[in-house]
Amino acid sequence: MPNVKKLIIEPLRKTNPVTVLVLGICSCLAVTAQLKPALVMGASVTVVTAFSNLIISLLRKGIPSRIRIIVQLVVVATLVILIDQFLKAFAYNVSKQLSVYVGLIITNCIIMGRLEAFALSHGSWESFLDGLGNGLGYSLILVIVAFFRELFGSGTLLGYPIIPSSFYEAGYQNNGLMILPPMALIVVGIIIWIQRTRNPEMQENNQK
Amino acid sequence: MIKKLRHFVDKTKPNFTEGGKYAWLQSTFEAFESFLFVPDETTKRGCHVRDAIDLKRTMITVVIALMPALLFGIWNIGYQHFKAVAECATFWQIIGFGLLKALPVIVVSYITGLAIEFAFAQIRHHQVNEGYLVTGMLIPMVLPPDIPLWMVAVATAFAVLIGKEAFGGTGMNLVNPALTARAFLFFAYPSVMSGDKVWIADQPDAFSGATPLGILANGGTNLPDAWTMIWGGIPGSMGETSVIAITLGAILLLMTGIASWRIMLSVIFGGGLMGLLFNAIGANEYMQLPFYYHYLMGGFMFGAVFMATDPVTAAQTNTGKWIYGLLIGIFAVMLRVLNSAYAEGMMLSILLMNCFAPLIDHCVIARNIKKRQKRAIVQQKTFAR
């Protein structure tokens with residue numbers, strides 16, 4: 001298995017689903033106001049991408065290509081409902097915070113993207129790793145964004161106050177813009193900016 | 001003195017040119033040199049038609065045009081303060097107090113903004129340009145006088161980084177950086193940017209310092225009289241209160257041809273149009289307000305003269321300028337009257353139209369091409385006959 005490392009590591013960096021393929025932006029915006037929901041969301045999406053990739057890859061020779069989207073959706077939806085029920089049973093508070101966004105994992109473009117682009121044409125072990133890697137790549141960005149948004153927006157991390165109260169007495173205030181959804185996109189934009197500046201080969205040549 | 005300075009600059013120059021000790025600071029050095037002395041480099045080949053009005057002169061003209069509003073603003077900070085605490089004060093006490101409040105904000109804005117500009121110029125091996133001169137002056141003028149300085153620094157950094165450098169620096173930005181800074185503060189720290197406690201410096205608790213727009217947004221109707229609002233003795237951001245001072249700046253900008261009269265006129269026209277429309281509907285007291293009151297309150301005139309006309313972020317085509325300005329005026333008054341959560345609609349409406357300006361231009365040009373093509377075809381047909 002020579003490319004295990006590549007399949008897991010590449011989606012964290014050069015083929016990151018959020019910053020390079022710009023998929024899954026909507027949920028990135030919705031669940032990153034705090035770190036905890038972001039972590040749970042990242043983990044859920046990772047599980048769903050990994051296992052849906054695995055299952056579809058196993059079924060790929062038996063799926064008629066005309067109805068493949070329906071089959072994929074059935075698999076993904078089943079997994080998402082499992083996750084949803086699991087969260088409701090063992091992490092009720094977070095599940096409540098995430099509300100509809102767990103259910104909306106079904107529509108997450110990353111999952112369908114990986115199924116179409118990878119699982120339908122690769123072996124099961126590779127597909128599983130690819131799903132895992134992409135899920136982790138998504139989680140990574142989610143956690144980075146949520147880290148900054150919670151730290152500057154609420155002054156806490158995972159709910160624990162980080163910014164000392166002496167700061168507040170000196171006139172520091174939490175940044176309300178960080179809590180608002182637009183800031184999630186701006187933070188993602190800054191991550192993309194930094195990533196592209198550090199990897200010049202990623203910049204498209206747009207000069208006419 | 002001048003000779004000594006020149007000598008010093010010449011002596012240190014080799015350090016900053018290629019191969020020198022501080023070669024990586026070259027553009028910083030160049031910025032200071034051309035700030036101190038007019039560059040004596042001339043073009044070597046061919047003939048060039050040169051216009052005297054370069055970026056530096058444009059920017060300085062706008063800064064000069066801002067001066068009446070700035071000076072009045074400094075006086076008004078002091079005037080409002082002493083009025084609120086009910087003390088008598090001499091003219092110089094008023095000015096002194098105003099300077100004490102205004103200068104730190106201006107200094108912080110310039111230092112933060114220029115530091116980022118210089119840093120980016122070094123990294124990108126660009127020359128430092130004068131684009132920040134105006135922005136650095138505009139930012140303090142659209143903020144309340146008591147704004148904490150660290151917030152000014154954060155907002156300036158955000159505006160220059162995200163509003164400008166992310167798009168490629170001066171001349172490439174999509175939205176007005178000064179308004180980006182204000183919008184950032186408005187959404188990030190609403191407690192220092194709205195309400196009736198922030199517009200007068202060191203305001204006593206019992207006193208209500210609501211701006212006319214604030215009064216209206218809360219359903220009140222006892223506005224200051226129109227004349228006070230015209231000369232500007234009302235609470236508000238540093239530069240926005242006096243219509244007269246802003247008009248002086250506008251005259252300079254129009255005479256030098258730096259700002260577009262089309263945009264100014266159409267913004268005013270659009271605001272009036274919407275005001276008249278609301279007068280016709282007249283569903284509540286805010287709607288029944290005479291339409292010209294919208295010009296006197298808040299940042300309408302300041303926005304129309306100094307913000308909407310920003311040559312980088314405005315529409316470029318002449319027809320586009322009319323559409324752009326008209327929509328700014330319409331949206332500004334619409335936001336003011338219909339959405340009391342955003343008492344000042346001018347900022348949001350200019351930012352919105354900044355985003356649409358390229359699209360407006362595109363449509364205008366596409367339409368023009370189509371029109372001329374049609375004409376060409378008609379001509380061809382006539383000739384063919």
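**Close-ups of chain B and its partner**

**View 1. Chain B as a whole.** Chain B has 17 helices and 0 strands (DSSP runs numbered from the N terminus: H or I of at least four residues for helices, E of at least two for strands). Its radius of gyration is 24 Å, close to the 21 Å that the globule rule gives for 385 residues, so chain B is as compact as a globular protein of that length. That radius is taken over C-alpha atoms, and the rule is 2.2 Å times the number of residues to the power 0.38. This is a predicted model, where local features need pLDDT of at least 70, side-chain atom pairs count only at 80 or more, and totals for chains, interfaces and linings use all residues. Residues are numbered from 1 along each chain as its sequence is written, with chains lettered from A and ligands numbered from 1 in the order written.

**View 2. Helix α4 of chain B.** Spanning residues 91-124, α4(B) has 34 residues and reaches 48 Å from its first C-alpha to its last, close to the 50 Å expected at 1.5 Å a residue (1.5 Å times one less than the number of residues). Look for a kink of about 25 degrees centred on B:Leu99, the angle between axes fitted to the seven residues ending there and the seven starting there.

**View 3. Where chain A touches chain B.** Here 8 residues of chain A are in contact with 8 residues of chain B (C-beta atoms, placed from the backbone, within 7 Å). On chain A's side, α10 (176-179) and α11 (181-198) each give two or more residues.

Methods: Two residues are in contact if their C-beta atoms, placed from the backbone, lie within 7 Å.
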